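This briefing covers selected local features of one protein chain. Please consult the sequence and the structure shown here alongside the points that follow.

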Amino acid sequence: MARRVLQLASPVTLQVDGEAVLAERGEPVAVALLAAGRSVFGRSVKYHRPRGAACLRGRCDGCLMRVDGVPNVMTCRLPAREEMVLETQNVMGTARADLLSVTDWFFPEGMDHHHMFTRFAPINRLMQKVARRVAGVGRLPDAIEAPVAARTLERDIVVVGGGRSGVQAANTAAKHGARVLLLEEELSLGGTSKKAGEPLPRPGPPVDVRLGATALAVHDDPTQPDADGRPSRTLLAADEHGLLRIIPRALVVATGSAEGGAVTPGNDRPGVFTARAVLTLLELGVIVGEQVVAIGGGPLLTRAVAWLRSQDSTVVGPIAPARVLGIGGRPTASYVRVKDERGSSKIECDAVLVGGPSTGVYELAGQAGAQVRFDGRGFWVGADDDGRTAHPRTFAIGRCTGRGRGGEGSLEQATAAGIAAATGLDQVPHEAAPTPVRDPVVLPGGKSDKVFVCRCEDVTLHELEQASARGHRDLEAAKRYTGFGTGWCQGKQCVAACARLLAAVGGECASEPITPRPPFHPVRLAYLAGLSDGEEDSDDTDAGHPV
């Protein structure tokens with residue numbers, strides 16, 4: 001069970017399903033709940049399996065709760081404040097004892113919803129009523145929110161991502177005279193670079209830094225040319241105050257990469273965390289568990305394992321994924337079963353740490369006209385050594401391109417992109433295909449539980465196999481048949497994994513991802529209602545935080 005190792009400097013009290021929970025003011029609510037020993041946050045949409053925080057970066061459904069009467073709040077992105085009221089969603093009973101979880105037992109390998117109860121019309125009509133009653137995530141808000149007026153900003157350069165490469169590009173563009181806006185969705189700069197222990201440049205000369213600001217969509221309008229005669233571009237972002245409508249001359253995407261999860265039975269259980277999530281907890285003074293099993297590899301997992309051991313946690317592994325037969329325990333992970341010389345053995349634990357294959361965070365770059373391609377392991381934004389992409393006003397740098405691994409090469413690419421974006425937009429569009437990776441997927445060796453390829457929509461590996469067998473062999477067709485990538489996270493957590501697995505179960509090898517629809521992060525309707533077609537919402541006096 002997770003434990004807090006730092007004293008609360010500014011404690012606040014949260015009300016969680018009627019119980020008081022202490023938190024550090026301003027820390028993510030999900031972190032506070034984990035530190036208080038609460039691992040089950042809610043239930044899944046289809047099988048009502050227990051769900052808990054897994055990534056702590058807004059790329060899964062595990063931390064969704066109802067907060068102050070508002071449904072589907074991502075608590076890993078929500079700063080704790082006094083007297084917040086949090087409620088579990090999608091339950092008939094309690095978070096730990098949900099009566100609707102019997103669905104999980106009735107369908108051990110997954111639902112074939114295309115053919116279920118369709119033969120007899122009366123039963124079909126009854127099941128349609130049941131489906132309407134239980135479908136969706138959460139209940140409507142307690143009250144209607146008033147529209148929140150959007151703010152309009154004009155900047156020369158917008159850099160999205162405040163890691164090592166993003167800060168370097170922003171600094172360079174500012175030194176060359178550009179007005180630079182830096183958006184970072186987390187509450188501090190650093191990103192994966194910080195998690196990996198890499199040195200981070202400080203922002204400067206004056207760069208307009210917006211922390212807790214998430215880019216949602218980018219749109220080019222050919223009917224409204226800008227001063228250079230090019231289609232005008234609008235970037236939408238959201239922060240705690242509402243929407244930002246940003247008019248940039250050039251966009252630099254430095255959105256980084258994301259880890260994959262374990263492809264093993266029981267991989268959706270609360271208590272299974274990505275290596276990055278464990279590092280986030282450690283930075284905030286929370287130890288994820290006393291007995292931890294590490295599965296997979298990668299630099300973040302290696303760093304997390306070393307840090308946990310320095311805090312006196314016992315860590316078994318890292319264990320090769322091919323040896324893992326399943327993750328078990330109810331309602332949270334309490335053991336991992338592995339292959340050994342005797343056949344199999346059980347390793348007791350109170351948390352599981354996973355480091356899987358990485359993929360670029362490509363959604364914004366793809367919308368902005370950059371090429372995105374699959375290399376057999378993940379999706380990456382095509383960009384050259386100067387950050388040039390297939391769109392003349394879109395640059396991509398760092399880990400999202402597959403080339404930024406924290407070395408000097410990533411800083412050189414960021415510097416070149418900052419200069420090019422600030423000094424001239426007549427770059428030659430660049431297209432590049434990633435080098436194919438010879439990395440065969442190892443399918444799980446056990447069937448002790450469901451293997452999930454999409455947590456948000458409860459899509460199992462068995463359903464993906466059925467899709468391929470029935471002729472839905474390419475990524476887009478398989479998505480439409482199974483529903484993966486259509487849930488809360490819109491594919492951030494699952495699409496790269498499904499591309500790898502679909503090829504492994506007889507489908508086609510993907511070349512590009514499913515289309516990232518705007519907004520590709522959840523956004524409150526009150527924010528969208530605050531958008532207008534006029535210019536009366538302009539507020540360029542909102543100068544942010546020059547550093």
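How many of the 5 residues of strand 20 (residues 324–328) are buried? The answer is 5 of the 5, so strand 20 is largely enclosed by the rest of the structure; buried denotes under 20% relative accessible area, exposed over 50% and partly exposed in between, with a 1.4 Å probe and protein chains only. The model is predicted: local features need pLDDT of at least 70, side-chain atom pairs count only at pLDDT 80 or more, and totals for chains, interfaces and linings use all residues. Residues are numbered from 1 along each chain as its sequence is written, and side-chain values use heavy atoms, with hydrogens and water left out.

**Strand 20 and its partner**

- Strand 20 pairs with strand 21 (residues 335–340) in the antiparallel sense over 4 bridges; pairing requires at least two DSSP bridges between two strands.
- Helices (H or I, at least four residues) and strands (E, at least two) are DSSP runs, numbered from the N terminus.
- Opposite Ile-327 stands Val-336 of strand 21.
- The two strands form a hairpin with 6 residues between them, and Gly-329 in the turn has a positive phi of about 125°.

**Aromatic pairs**

- Rings of Phe, Tyr and Trp (its six-membered ring) pair if their centres lie within 6.5 Å; planes under 30 degrees apart count as stacked, over 60 as edge-to-face and the rest as tilted.
- By this rule the count is 3 aromatic pairs.
- Tyr-362 and Phe-379 form a tilted pair, because their ring centres are 5.6 Å apart and their planes stand at 55°.
- This pair links distant parts of the chain, 17 residues apart: Tyr-362 belongs to the loop between strand 24 (358–360) and helix 8 (363–367), and Phe-379 to strand 26 (residues 379–381).
- Phe-374 and Phe-379 form a tilted pair, at 4.8 Å centre to centre and 40° between the planes.
- Ring pairs join Tyr-362, Phe-374 and Phe-379 into a cluster.
- Relative accessibility is 6% for Tyr-362, which is buried; Phe-379 is buried at 0%, and Phe-374 is buried at 10%.

**Charges over rings**

- The charged end of Arg-51 sits over the ring of Phe-452, 5.6 Å from its centre; the criterion is NZ of Lys or CZ of Arg within 6 Å of the ring centre and within 35 degrees of the ring normal.
- Lys-450 lies over the face of Tyr-47, 4.6 Å from the ring centre.

**End of helix 10**

- Helix 10 (residues 461–469) is followed by Gly-471, whose phi is positive, near 100°.
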